There are 2 protein chains.
Amino acid sequence: MSGDHRSARISVDAAFAWLDGAVYPLGQEDVPLRQAARRVLAEDIRAQRPIPACDSASVDGFAVAAHETLSASSYNPLSLPLIEVAPGDALCGETNAVLPLDQGELDGSGRVVVVEALAPGQNVDQQGTVVAAGGLLLPAGALLGPQQIGICAAAGVSDLPVVRRPRVRILVAKRTHPGAADSNGPMVCSLVERDGGAVSQHAVVDRGGSALARALAAGDADIVLVIGGTGPGRDDNAASGLAAAGELAIHGVAVRPGETTGLGRTAAGMPVVLLPGSPPACLWSYEFFAARVVRRLGGRDPGLPYISRVMTTARKIISSIGMTEICPVRCQPDGTVEPVVSFSEIGLMAAVSADGFVIVPETSEGHPPGASVNVRLYKHR
Amino acid sequence: MSGDHRSARISVDAAFAWLDGAVYPLGQEDVPLRQAARRVLAEDIRAQRPIPACDSASVDGFAVAAHETLSASSYNPLSLPLIEVAPGDALCGETNAVLPLDQGELDGSGRVVVVEALAPGQNVDQQGTVVAAGGLLLPAGALLGPQQIGICAAAGVSDLPVVRRPRVRILVAKRTHPGAADSNGPMVCSLVERDGGAVSQHAVVDRGGSALARALAAGDADIVLVIGGTGPGRDDNAASGLAAAGELAIHGVAVRPGETTGLGRTAAGMPVVLLPGSPPACLWSYEFFAARVVRRLGGRDPGLPYISRVMTTARKIISSIGMTEICPVRCQPDGTVEPVVSFSEIGLMAAVSADGFVIVPETSEGHPPGASVNVRLYKHR
């Protein structure tokens with residue numbers, strides 16, 4: 001069976017199309033502002049009151065009624081009532097302008113002396129200038145970074161409706177030979193957390209097909225990742241296990257590393273991604289397919305979370321026609337990029353020693369020296 | 001006093017120089033691999049054994065001794081002992097090559113038939129190819145991302161020596177007028193966490209100078225941030241409080257927003273950053289100065305954690321000579337950038353509605369239309 005699947009590898013785009021049709025954002029929950037960082041807004045947030053709530057001082061100084069300063073000059077200093085204000089203080093009564101602290105002098109009798117006319121609104125933040133009551137503060141789908149948290153705090157919003165965090169089960173299909181470590185589990189856990197998911201289970205399961213099928217059927221989550229057992233070996237039962245537990249929609253994708261990836265769902269409809277056990281293939285199968293599911297479930301942009309930059313190749317980048325290939329590259333001091341030793345030669349060390357990578361699509365044999373390529377960067381600086 | 005400081009604002013670079021001389025990376029601690037994501041390595045990590053630990057199959061198939069396949073061809077099929085292997089399995093005995101699963105046929109008697117010669121090492125990952133015993137896996141200072149976690153897991157490393165997380169005290173100088181919310185605290189907490197710090201205390205303290213001095217002297221941490229009370233008002237005692245509790249090294253920096261920033265240390269030598277209470281000034285004072293301290297303490301790159309990209313201005317960007325200014329900008333569909341309404345007009349909403357920002361240095365009046373500017377991006381995609 002596996003052999004058939006290998007020869008019938010489908011394209012990355014077809015795999016994306018299947019995933020995108022199978023996975024939708026989760027529902028929402030309310031979280032306190034203090035815990036909302038890096039979450040995704042589930043609804044528009046509107047200002048319940050205008051910001052500023054009323055006309056307020058924008059500087060430290062003295063609140064005045066502008067019309068009372070009209071005739072002020074150094075030849076005609078005017079003495080006005082002393083109303084000291086700090087930034088953010090509401091202006092009261094008839095006051096509508098603020099004389100900055102260092103431009104007003106106190107006379108001996110508790111009044112302030114003005115030697116220049118002020119315009120109405122001078123050094124004043126007008127009510128509703130930042131946003132009117134009912135105005136949009138943040139749109140649904142916004143990722144909550146520090147300034148988004150800050151604007152909500154300033155608006156007096158204390159709880160935010162956010163998309164629920166995807167709960168991710170990670171099942172590691174145990175290798176038969178003794179002493180085999182779970183070298184992928186910690187990596188996949190940190191990838192899940194990067195993408196806003198929460199690891200609800202990280203367990204080693206028996207590699208047999210029926211054991212895997214039972215493990216897939218048990219337990220509640222929003223997505224299940226199975227690591228290992230995706231290949232053509234006699235000991236590789238991830239695909240048959242998934243087929244027995246629900247639907248194996250895709251097994252074998254034309255992407256390298258990661259070609260033995262499988263996609264499907266449990267009988268209960270939970271999406272399942274089968275990740276190869278070889279570490280670089282596990283990494284890239286996660287990056288392309290599992291990350292897309294986790295991010296879509298969590299309401300995030302489903303694409304790869306890397307900055308891209310157009311750069312020039314210093315050396316040839318080679319790839320196979322018919323296969324989307326991930327080529328790790330290093331940025332040179334002259335601003336060009338060149339390939340580093342490949343994943344097939346040094347495994348994960350290729351990703352560790354690279355500055356980024358180039359994705360060469362199925363239709364391309366690679367790039368000659370001097371070509372413009374889109375480099376996704378691991379390191380930003 | 002405050003007035004004097006305002007007129008004697010020092011440059012951003014001079015403030016950086018003071019900070020960089022006052023702050024060094026913290027010591028180290030060991031953490032389990034599973035909790036090491038986003039931490040910074042404190043020491044080089046070397047492989048305790050070679051990777052792969054021994055010559056291993058790189059594909060599913062049949063292990064063979066290459067010299068026994070020398071005369072194999074479709075006219076001379078050879079029948080060899082059946083040794084099935086999966087990727088990662090150690091090769092045993094005299095075997096030194098792997099015939100892929102789909103190229104070998106089983107004969108009836110439990111042997112495998114070979115019709116082509118294999119070279120020694122074919123489909124084999126040689127011992128130590130990824131890294132030799134004692135070889136460098138990851139250098140001190142590396143930020144631990146998913147692939148760094150993965151390579152450590154693959155190497156059997158279970159605990160990692162990382163730089164201790166900076167413990168950050170956040171003291172909010174309470175506004176005197178009733179009902180004033182702590183609009184900056186949640187934002188600053190999320191900034192601290194972004195930079196790898198841990199908020200050890202987030203408290204509202206009395207705004208009086210002696211109360212602030214007492215609060216600064218109490219409590220243990222690696223850095224203290226005081227929010228509010230940095231301005232020239234009568235009610236602004238952050239600077240005098242810090243002077244009383246230790247050293248006020250700098251008060252007033254030529255940066256907008258953020259010009260009333262203060263820097264210093266407690267009598268015990270703990271660095272202190274005084275952040276203005278106006279939200280955009282608080283944000284930018286944090287970004288320039290507090291973030292630099294938190295990141296340096298934690299062994300991270302001290303610079304602003306934003307991607308930069310050279311883009312062309314669609315409209316003029318105006319700035320004051322003598323003042324480093326942060327100009328929020330929006331990226332246009334044609335790839336140019338233009339300024340959005342400024343921080344002084346709409347406060348934090350400027351940061352929320354911008355795609356990024358341009359830092360205009362003290363020596364510049366800004367940029368004409370059509371100029372190349374370095375844009376730091378909030379949004380990467």
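This is a predicted model: local features need pLDDT of at least 70, side-chain atom pairs count only at pLDDT 80 or more; totals for chains, interfaces and linings use all residues.
Residues are numbered from 1 along each chain as its sequence is written, while chains are lettered from A and ligands numbered from 1 in the order in which they are written.

Let's start with chain A. It splits into domain 1 (2–27 + 164–297), domain 2 (29–49 + 142–163), domain 3 (56–125) and domain 4 (307–377), with bounds that come from an automatic or database domain assignment. If you take the centres over C-alpha atoms, domain 2 of chain A and domain 3 of chain A sit 37 Å apart.

Strands here are DSSP runs of E with at least two residues, and helices are runs of H or I with at least four, both numbered from the N terminus. Two strands pair if DSSP finds at least two bridges between them. Strand β4 (residues 61–64) of chain A is joined to β6(A) by 2 bridges, and A:Gly61 has A:Val85 as its bridge partner in β6(A).

Where does chain A meet chain B? Here 55 residues of chain A are in contact with 55 residues of chain B, contact being C-beta atoms, placed from the backbone, within 7 Å. The elements of chain A giving two or more residues to this side include α4 (185–194) and α7 (279–297), but the largest share, 8 residues, belongs to α3(A).

Over in chain B, follow strand β22 (residues 324–331). Of its 8 residues, 6 are buried, so this strand is largely enclosed by the rest of the structure; buried means 20 or more other C-beta atoms, placed from the backbone, within 10 Å of a residue's own. Strand β17 (residues 255–256) of chain B runs parallel to β22(B), with 2 bridges, and B:Arg256 faces B:Glu325 there. Strand β24 (residues 356–360) of chain B is antiparallel to β22(B), over 5 bridges, with B:Ile326 opposite B:Ile359. Finally, β22(B) and β23(B) make a hairpin with 4 residues between them, and B:Gly335 in the turn has a positive phi of about 90°.

Conventions: Two residues are in contact if their C-beta atoms, placed from the backbone, lie within 7 Å. A residue is buried if 20 or more other C-beta atoms lie within 10 Å of its own, exposed if 12 or fewer, and partly exposed in between; C-beta atoms are placed from the backbone.
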